Amino acid sequence: MDNIAQWHFAKRLGFRFFFTYFFFYNLPFPFDVLPVFNNVAYAYYTFWYLVIPWLTNDLLKLNYKIDTGFNGSGDMLFHFLQVSYILSASLFITLIWSILDRKRLNYNKLYHYLTIYLRFSLASKMILYGAIKVVKSQFPNPPLDKLLQPLGEFSPMGLLWNFMGFSESYNIFTGAAEMLGGILLVSPSLTTLGALICIGVLSNVLMLNLSYDVPVKLFSSHLLITAIFLIVPDFKRLTNMFILNRGVEPVEFQPLFKKVWLERGVKVLRVIFILFICGKYLYGSYQVARVVGDQSIKSPLYGIWNVNEVLLDGQVQPKFEETRWKKVVFDTVGRTIIFLNDDTKKYYLVDYNLEKKSLLFKKGYDPNWQANFSFERPTFEQAKIEGKMDGHQIQVKLQKIDESKFLLNSRGFHWINEYPFNF
């Protein structure tokens, strides 16, 4: 683009707005990916945690209940308010900027810097979300209790999460596509291809979030808008090539620096960035998978167990009494679910002591509640736990269910299908 070419008014106005909005929305990048700047990122988040309640309730007197705690949702009221304040601030700054800088002909250089910032910001996020699928930690295998849960009792998000968690190959496929798009964005000559891949991937992600009520709608929308913004300069060329069947001229990429050694240094930094981000997020995903994912430590009583007999304070509990235990699921270490006859599910955190063969049941929402049990496992298929819970002495005899016989686990993959096996 000619450095002295004048942009028309709408283009200059739009650039001022998008520059301001994208800059504020993408903060605290790059500080949030560089460990030495963790305090800067923390200060930025703290700023919003303090300012949003103050602006909303003290200044605007809206009296909203604003939760600032992190619970995995990106669509909390807090996030919608944050976006609305960034939008309002961007409009105001655009107005002031347009008045003070109304004589400027174009923003070629600033636009170039903005695209660099957005390329690397989007790349880091695409690589992150790809890494947690390639090393399967975002969507772990369906927990054992989900094998017992009727389809109609799944939430839309729960259905999607377990659908994704079932297949390691599909996780790797989608994750690799996300990582590929992010990696290509780092190179100026491959940015358009990387952005197109990101648009394809993110369009699917956004539709899944919208269709299955996954609370990352705001964030995925912004990622998609960013990817689209990056291909705007090539929109005419892409239209000519893919739709109008016309020839296009190659793009001439201007170096960031005039000195050769500085430009080579930039290329080295790009490679270091890719290696660092990929290594950081792949390793982080591996660590998560070891703690709470597919590679986490399993309970010594891992499995789904039928309850054959319950002694409550020394008396055999009637088999069809509503509060009687029906099934017990011991999953990963720390996660146990007790199913009652009335279909109530009780969730517990459990600490194990293998030497003493003891179990300590706890409730996450009540730190003072505890129940101590001892356990025996005379055979692989049989177990017995005994202890005191809620003031009652309980003895429970368990019979293991072979979870590999569930159709979801046993069906497997077939190249040849003589008829659709759609159950």
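1. Ser 121 and its partners.

1. Ser 121 and its polar partners. A second one, of 2.8 Å, links the side chains of Ser 121 and Asn 26. This is a predicted model, so read each distance as a property of the prediction. Ser 121 lies in helix α4, residues 108-134. Is Ser 121 buried or exposed? Ser 121 is buried, with 0% relative accessible area. Leaving out residues up to four places away in sequence, Ser 121 touches Asn 26 and Phe 29.

2. The largest core. How many residues make up the largest nonpolar core? The count is 54. The members that touch the most others are Trp 48, Ile 52, Leu 118, Leu 122, Ile 127, Leu 185 and Leu 202. Helices α1 (9-26), α2 (38-59), α3 (77-100), α4, α6 (168-185), α7, α8 and α10 (260-292) each give at least two residues to this core. Helix α4 gives the largest share, nine residues. In soluble globular proteins, nonpolar side chains tend to be buried together.

3. A second core. There is also a separate core of 24 residues. Its members include Phe 330, Tyr 352, Ala 383 and Ile 394.

4. Ile 52 in the largest core. Ile 52 is among the members with the most contacts to other members. Beyond four places in sequence, Ile 52 touches Ile 66, Phe 78, Leu 81, Gln 82 and Tyr 85.

5. The α2/α3 packing. What is the angle between α2 and α3? The two helices pack at about 80°, with axes 10 Å apart. They are therefore roughly perpendicular to each other. On the α2 side, the residues that meet α3 are Trp 48, Tyr 49, Ile 52, Leu 55 and Thr 56. On the α3 side, they are Phe 78, Leu 81, Gln 82, Tyr 85 and Ile 86. An α-helix has 3.6 residues a turn, so residues three or four places apart point the same way.

6. Val 83. Val 83 sits in helix α3. Val 83 is buried, at 14% relative accessible area. Its contacts, leaving aside neighbours within four places in sequence, are Tyr 21, Tyr 25, Leu 218 and His 222. The C-alpha atoms of Val 83 and Trp 48 are separated by 11 Å, and the two residues are 35 apart along the chain.

7. Ser 90. Ser 90 is also placed in helix α3. Its relative accessibility is 0%, and Ser 90 counts as buried. Ser 90 touches Phe 17, Thr 20 and Tyr 21, not counting residues up to four places away in sequence.

8. Helix α9. Which residues of α9 (235-242) are buried? Leu 238, Thr 239 and Asn 240 are buried there. Their cover includes α7 (191-211) and α8 (217-231).

9. Cysteines. The disulfide count is zero. The cut-off is 2.5 Å. Seen from Cys 278, the closest cysteine sulfur is in Cys 198, again at 13 Å. Cys 198 is buried at 0% relative accessibility. Cys 278 is buried at 11% relative accessible area.

10. Two cis peptide bonds. Another joins Phe 29 and Pro 30, with omega about 5°. Pro 28 is in the loop between α1 and α2. Pro 30 is in the loop between α1 and α2 as well. Most residues other than glycine have a negative phi, and most peptide bonds are trans.

11. Positive phi. Asp 213 has phi near 55°, a positive value in a residue other than glycine. Asp 213 is placed in the loop between α7 and α8. Asn 245 has phi near 55°, also positive in a residue other than glycine. Asn 245 is placed in the loop between α9 and α10. Asn 245 is exposed, with 71% relative accessible area.

Note on methods
Residues are numbered from 1 along each chain as its sequence is written. This is a predicted model: local features need pLDDT of at least 70, side-chain atom pairs count only at pLDDT 80 or more; totals for chains, interfaces and linings use all residues. Side-chain values use heavy atoms; hydrogens and water are left out. Buried means under 20% relative accessible area, exposed over 50%, partly exposed in between (1.4 Å probe, protein chains only). Helices (H or I, at least four residues) and strands (E, at least two) are DSSP runs, numbered from the N terminus. A polar contact is a pair of N or O atoms within 3.5 Å; within protein, one must be able to donate a hydrogen and the other to accept it, and residues adjacent in sequence count only if both atoms are side-chain atoms. Contact means heavy atoms within 4.5 Å. A nonpolar core is a set of buried Ala, Val, Leu, Ile, Met, Phe, Trp, Tyr and Cys residues joined through side-chain atoms within 4.5 Å. Axes are lines fitted to C-alpha atoms, for helices over the stretch in contact, and angles run from 0 to 180 degrees between N-to-C directions. Angles under 35 degrees count as roughly parallel, over 145 as roughly antiparallel, 65 to 115 as roughly perpendicular and the rest as oblique.
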